[in-house]
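The following paragraphs walk through the structure shown here, starting from a single pair of residues and widening the view from there.

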Amino acid sequence: MTALSDVITAVLLPAGAVFCLLGSVGLLRFPDIISRLHAASKAQTLGLLLILVGTAVQLPLRYAPVLLLVVLFQLLTAPITGQIVGRTAYRVQAFDRGPMFRDELADRLARDGTPVDERPPREDADR
Amino acid sequence: MTRRESARRVRHHWPMVGWLWLLWVLLWGSVGPVVLVGGLLVAVAVVRSFSLPPILPGAVPRPLAIGRLLIGLLKDLVVSGTTVAWQALRYGERTSTAIVEVPLRVDSDLLITAVAELTTIAPGTLVVEIDRRRQRLYVHALPVRDDTDVDRRREAVQTLERRVARAVGRGRRTGSSGDDTSGAVGDLGYSADPGYSTGPESSDDPDQGGSTP
């Protein structure tokens, strides 16, 4: 029993750590804010989830619900901040159109007569 | 008068009261009479003092479908988490993205919020804009290389939408009194819109090709 849970923990904790690490790598390597949000909020969520499950296996059963709550609220709150930041980034044009294969929101806005590309491209971009 | 008003609110919000109660008990970590009674009091007080829109008439939770939704969500989380991680490692700056317009069939604040939330939870997709009036989500998707990917992403979100509608579905804005007879899972609760199809061609695409540079 303990051997089994040890194995589960030994697999899940490093896996979670790897996902967190990859999230940070994505944060560094992706080209613009919105892409970085993918890495920052998502890969890390999965990482945290794995780590908490790995931890829950080791703890007495009565602590498991609290860890479950941590997972739940992480899952509930992370997308909200992600969406707010992404939406703001889109609205102030603080993102890179280079890697964008298609932008149906811009198409829609153009059709409605409010083109998003009205502003000149930023020259003081940090990258 | 206000007394009856808030009592009614508590009755309409009993799922919220129950959830807050459960949360209280879980956080205390013990089940004593003081914790139970205190939790119930706190839950009722919270619901009475903050007016949130009632969820009960609009949503009918179906445990089995909710379970399926959660399992699907976990699978998505792992699969696309791996995809995004691989993108970060392999491509990094040269990754390819797109903003995909997803027409939705559900037409209730609760369900659209749920779909947007769950879409954003899954790695690789992030809701940038919600068009409530036209029932559209604009989803930023991470590895998108061609048209097939765009359509695949759109369908993925719509599949999720269908799952959500099955799980808590009524899809009406506020349910009328005769609503609770909807036992049939086959009737998903969202309005059948003839102009809507799950395929790549959506209801108002004729000018789409022209406006893309």
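B:Leu126 stands opposite B:His140, a residue of strand β3 of chain B. This is a predicted model, in which local features need pLDDT of at least 70 and side-chain atom pairs count only at pLDDT 80 or more, while totals for chains, interfaces and linings use all residues. Residues are numbered from 1 along each chain as its sequence is written, and chains are lettered from A and ligands numbered from 1 in the order in which they are written.

Strand β2 of chain B (residues 125-131) pairs with β3(B) (residues 136-141) in the antiparallel sense over six bridges, where pairing requires that DSSP finds at least two bridges between the strands. Four residues separate the two strands in a hairpin, and B:Gln135 in the turn has a positive phi of about 55°. Because five of its seven residues are buried, β2(B) is largely enclosed by the rest of the structure; a residue is buried if 20 or more other C-beta atoms, placed from the backbone, lie within 10 Å of its own, exposed if 12 or fewer, and partly exposed in between.

Chain B as a whole has seven helices and three strands, arranged from the N terminus as α-α-α-α-β-α-β-β-α-α; helices (H or I, at least four residues) and strands (E, at least two) are DSSP runs, numbered from the N terminus. Of its 213 residues, 34% are buried.

In chain A, A:Val18 lies in helix α1 (residues 2-29) and is partly exposed because 14 other C-beta atoms lie within 10 Å. A:Val18 and A:Gly47, 29 residues apart in sequence, are 7.2 Å apart in space, C-alpha to C-alpha.
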